[in-house]
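Please open the structure in your viewer and display the side chains.

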Amino acid sequence: MEIRSLRESDDRREFRSGDPDLDRFFLKYAGQNQFRHHIGVTYVAVESELMAGYVTVVPSELEAERMAPTSRKNLPRYPLPVLRLARLAVDESFRQRGVGRDLLRFVLQLALRMARELGCTGILVDAKPGAASYYLQYGFIPLETADMIPATTATPMFLAIGKIQAAAGHS
């Protein structure tokens, strides 16, 4: 399986994740956002020319106040640069084959590269209902929110670059 940047020529019409919103984004907006608007990049997992899954990332920022007091202790008070994992989806025919894990690991490597080359304090994801447990197993922690978020909305979660570096054996 190859993970690479989306190409304009990629046929995305047959991709079915089981989530109509993720499928619609991949079909209609991933290319526009990447090639026309330059607001994010979508990476695809490809096997035998089939789209097994995709992940979309965008540069973003995080207000330090949203982090736990112990995590923000030595950080500046201005917005911190992060890599936002905007969307991640796996085609139903590729489920339970590690495609989501491989795409997430790819994003972790992107964050490490971004930290070295541009500055990045970690990865931010808004986990959809039911997906928070998936991100928890990789070390993501829920962020503090100003208001209580109903269970039907996304849970903002963060993984610090230091934890990614430690897991990857970097210092």
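The stops below concern salt bridges in this predicted model. Side chains of opposite charge can pair when their charged atoms come close. The structure holds 8 salt bridges, and the tour visits some of them.

**First stop: a pair within a helix.** Select Arg24 and Asp21, whose side chains meet in a salt bridge with an N to O distance of 2.4 Å. Where do Arg24 and Asp21 lie relative to each other in helix α1? Helix α1 covers residues 20–36, and the two are separated by about one helical turn because they are 3 residues apart in that helix. Arg24 is partly exposed, at a relative accessible area of 38%. Asp21 also counts as partly exposed, with 46% relative accessibility.

**Second stop: a loop and a strand.** Now select Arg97 and Glu47, which form a salt bridge whose closest N and O atoms are 2.6 Å apart. Arg97 belongs to the loop between β4 (80–90) and α3 (99–117), while Glu47 belongs to strand β2 (residues 41–47), so this pair ties together parts that are 50 residues apart in sequence. Arg97 is partly exposed at 44% relative accessibility, and Glu47 is partly exposed at 26%.

Next, select Asp126 and Arg84; the closest N and O atoms of their salt bridge are 2.7 Å apart. Asp126 is found in strand β5 (residues 122–127) and Arg84 in strand β4, so the pair links parts that are 42 residues apart in sequence. Asp126 counts as partly exposed, with 38% relative accessibility.

Definitions and conventions. Residues numbered from 1 in each chain as written. Predicted model: local features only at pLDDT ≥ 70, side-chain atom pairs only at ≥ 80, totals over all residues. Heavy atoms only, no water. Salt bridge = Lys/Arg side-chain N within 4 Å of Asp/Glu carboxyl O. Helix = DSSP H or I, 4+ residues; strand = E, 2+ residues; numbered from the N terminus. Buried < 20%, exposed > 50% of the residue type's maximum accessible area, 1.4 Å probe, protein only.
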